[in-house]
Amino acid sequence: MKAQDKIETFVRNAAIDTGTAVNERVLGRMREAYEQAGSRASVSRDLGVWRRLVEYRLVRLGAAAVVLLAVAIVVSQFGAMLAGSSVAWAEVTQRFQSVPFFYASIYMKRDALAQPQHFELWMGRGGRARMHVGEQVIFGQTGRVTRAFDIRQRREAEANRTATDILAILATPDEFSLETVIRSISGGKLVDITPAMNTQAGIAEDLVVFDAQSAVSPGWMRVYALRESKLPVGLRIWDPAEGFMVDALITYAKEQPAISFDPEAFAARLRDPTGTEAGLVYLFLKDPGGRDMTREDLPR
Amino acid sequence: MEDGRLVWRLNCGDATALARVYEKYRDDLLRLAGSMLNDRAAAEDVVQDVFVRFAGAARTFRLTGSLKGYLATCVANAARNSLKAARRRETAGLDGESACSPEAQSPECWLIASEQFDRVRAAMGELPPEQCEVVTLHLYGEMSFRQIAEWQKTSIKTVQSRYRYGLEKLRSLLKGEVAE
């Protein structure tokens, strides 16, 4: 070891300890400061959701967080809301609970010159989630990654960071409150108000378009929903400042088989040398017709 | 990677992330302040203030680089200010108070120094302030020479020279302590 390395190691290894009582006291002061800041800025906190919609990309959590947040908002709230003003919140909640499963295909790009990144998300009842991002298939349960697999290398892997954050976001349903979003978008001035229906944008009678504009950024969100079923089927988030864009296509189906959310069953098939990469990515999943998404008898 | 998630959790109102940030960076920040100031009480005050101010701003904090680098820079700024204030008060005797030793631990002690850290701290006190800053920010704050150069408003070459001279002096001061 060189002399410089030795002295660096000596300095780095010079340990300290800390007093428990003072640790508790400092942490207490930190919590106090954190809570005080939260209560002082209640309006700012309300703006937080929309800020996150637009700003998360700055901390590299954003794009996916934005998408999933928006998808969750749409699926959990918009569908019922579109049914009309006579719908009560209890009915909204009930309706959401009746949706057994949804799938979202999401494209996003961080700025005008970036290539879009593709995410696939399958959400089932009980907080079960499965994601496909790049070479990974990731399983989650109530906001936590349970297991993640690298399909190309056929082994367990550390979960994609963005996917981990997405699952964490999905586990915080209070963040998906429509009321909060609307209040955020309006700078705290609008409460219990729905995004405006844009009649000019709707070119078909069976499709309704809702727009929401941010009060704190040039960004806006557009939701496409079916008039009859009231279910949202697409959304776009667009920030003209940087060209940040999200496009999501949402589809609904009967619930996927439980095994499709089971990481143990997936792991057991991972090392099967006869399985193709496409077969693994969509293993156990059914297409809308109820068939395996990647049937083994397909010509290769 | 984890820092991004911690900051996001704090942005979302999750106060439990504070404890993780605190535990993750407490020791290095205390060592940084303790080495720069060579005064236990002042170092504790500086680090405590930085943590509390960070907590107060955490709901809207945006992470653009390394969280540790950010906190280390805050500590270094506060340590500089503390030194200036001490000089203004003509209390140049910053070598008077030592860190709490393990034997002398009291409920009021936060930074409990090992013998090795006490020796390092004493040796750091012999360095010119600029060299001490570079060595501590690089070794305890894990800041790059480029980041330190920006902070010291000087060139990278100057920072590298300060680091090299600082280490040489430390090696001479700690001769016998460091295995040859």
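**Reading contacts within and between chains**

Modeller: Helices (H or I, at least four residues) and strands (E, at least two) are DSSP runs, numbered from the N terminus. The side chains of B:Arg31 and B:Asp28 form a salt bridge, with 2.7 Å from N to O. The model is a predicted one, in which local features need pLDDT of at least 70 and side-chain atom pairs count only at pLDDT 80 or more, while totals for chains, interfaces and linings use all residues. Residues are numbered from 1 along each chain as its sequence is written, chains are lettered from A and ligands numbered from 1 in the order in which they are written, and side-chain values use heavy atoms, without hydrogens and water.

Biologist: What is a salt bridge here, and how many are there over all chains?

Modeller: The rule asks for a side-chain nitrogen of Lys or Arg within 4 Å of a carboxyl oxygen of Asp or Glu. Over all chains the count is 16. One salt bridge is found across the interface of chain B and chain A: B:Arg59 with A:Glu35, whose closest N and O atoms are 3.6 Å apart.

Biologist: Which elements of chain B supply at least two residues each of the side that touches chain A?

Modeller: They are α1 (2-11), α2 (16-37), α3 (40-57), β1 (111-113), α5 (115-124), α6 (129-139) and α8 (156-173). Helix α2(B) gives the largest share, seven residues.

Biologist: How is the size of an interface expressed?

Modeller: It is often given as the accessible area lost when the parts come together. With a 1.4 Å probe and the loss summed over both parts, chain B and chain A bury about 4500 Å², of which carbon and sulfur atoms give 64%. In terms of contact (heavy atoms within 4.5 Å), 53 residues of chain B meet 44 residues of chain A.

Biologist: Which strands pair between the two chains, and in what sense?

Modeller: Two strands pair if DSSP finds at least two bridges between them. Strand β1 (residues 16-18) of chain A pairs with β1(B) in the antiparallel sense, over three bridges. Within β1(B), B:Leu111 stands opposite A:Thr18.

Technical notes
Buried area = accessible area lost by both parts, 1.4 Å probe.
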